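Here are some notes for a colleague who is looking at this structure for the first time. Please keep the sequence and the model open while reading.

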Amino acid sequence: QVQLVESGGGLVQAGGSLRLSCAASGIFFSISAMVWYRQAPGKQRELVARISSGSITYYVDSVKGRFTISRDNAKNTVYLQMNSLKPEDTAVYYCNTDPPVRLGSSDDWGQGTQVTVSS
């Protein structure tokens with residue numbers, strides 16, 4: 001059974017940092033591209049960062065230079081280091097594979113991890 005479990009969210013002041021983790025099981029993690037998404041209230045889910053199986057990374061423009069995606073294949077875990085956080089980064093953050101193993105709406109994806117950035 002495929003499981004993706006996000007953790008590491010919390011409440012932080014603007015300018016602060018958080019490190020999110022996504023622990024995967026039931027997939028061939030080392031050969032899977034991994035993606036972080038986020039969804040803010042009233043907004044569509046958006047792709048934040050992607051890392052290929054070969055650790056090639058992609059970031060949406062709004063987080064470039066502030067967020068870093070990385071992976072530890074020995075731990076089947078993907079990370080999102082978030083620095084210089086802004087209130088507009090407030091959202092529920094989710095991970096998924098690419099192509100996705102989680103389908104449907106964010107409600108179908110599970111709890112994710114809540115990130116709240118106060119101004």
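The numbered points below take up the basis of the model, its cores, a sheet, its aromatic residues and one tyrosine.

1. Basis. The model is predicted: local features need pLDDT of at least 70, side-chain atom pairs count only at pLDDT 80 or more, and totals for chains, interfaces and linings use all residues. Residues are numbered from 1 along each chain as its sequence is written, and side-chain values use heavy atoms, with hydrogens and water left out.

2. Main core. The largest nonpolar core contains 28 residues, and W36, L80, M82 and Y93 have the most contacts inside it. Such a core is a set of buried Ala, Val, Leu, Ile, Met, Phe, Trp, Tyr and Cys residues joined through side-chain atoms within 4.5 Å. Buried means under 20% relative accessible area, exposed over 50%, and partly exposed in between (1.4 Å probe, protein chains only). At least two residues of this core come from each of β3 (18-25), β4 (33-39), β5 (46-51), β7 (67-72), β8 (77-82), β9 (91-98) and β10 (113-118). The largest share, 4 residues, is supplied by β3. Strands (E, at least two residues) and helices (H or I, at least four) are DSSP runs, numbered from the N terminus. In soluble globular proteins, nonpolar side chains tend to be buried together.

3. Second core. A separate core of 5 residues includes V35, Y37, V92 and W109.

4. Sheet. An open sheet is formed by 4 strands in the order β1-β3-β8-β7, with antiparallel pairing. β1 (3-7) and β7 are the edge strands; each has a single partner, so one side of each is left without a neighbour in the sheet. On average, neighbouring strands of this sheet are turned by 15° against each other, direction ignored; for such angles, axes are lines fitted to C-alpha atoms, for helices over the stretch in contact, and values run from 0 to 180 degrees between N-to-C directions.

5. A strand pair. β3 and β8 are joined in the antiparallel sense over 6 bridges; two strands pair if DSSP finds at least two bridges between them. L18 stands opposite M82 in β8, and M82 is also among the residues with the most contacts inside the largest core.

6. Aromatic pairs. How many aromatic pairs does a search of the whole structure find? The search finds 2. Rings of Phe, Tyr and Trp (its six-membered ring) pair if their centres lie within 6.5 Å; planes under 30 degrees apart count as stacked, over 60 as edge-to-face and the rest as tilted. The ring centres of Y37 and W109 are 5.3 Å apart and the planes stand at 80°, so this pair is edge-to-face. It links distant parts of the chain, with Y37 in strand β4 and W109 in helix α1 (residues 106-109), 72 residues apart. Y94 and W109 are also edge-to-face, at 5.9 Å centre to centre and 90° between the planes. Y37, Y94 and W109 form one aromatic cluster.

7. Around W109. W109 is buried, with a relative accessible area of 5%, and Y94 counts as buried at 6%. R45 lies over the face of W109, 3.7 Å from the ring centre. A charge sits over a ring if NZ of Lys or CZ of Arg is within 6 Å of the ring centre and within 35 degrees of the ring normal. R71 lies over the face of F29, at 4.6 Å from the ring centre.

8. Y59. This residue lies in strand β6 (residues 57-59). Is Y59 buried or exposed? Y59 is buried, with a relative accessible area of 14%. Not counting residues up to four places away in sequence, Y59 touches V48, A49, K64, F67, T68 and I69; contact means heavy atoms within 4.5 Å.
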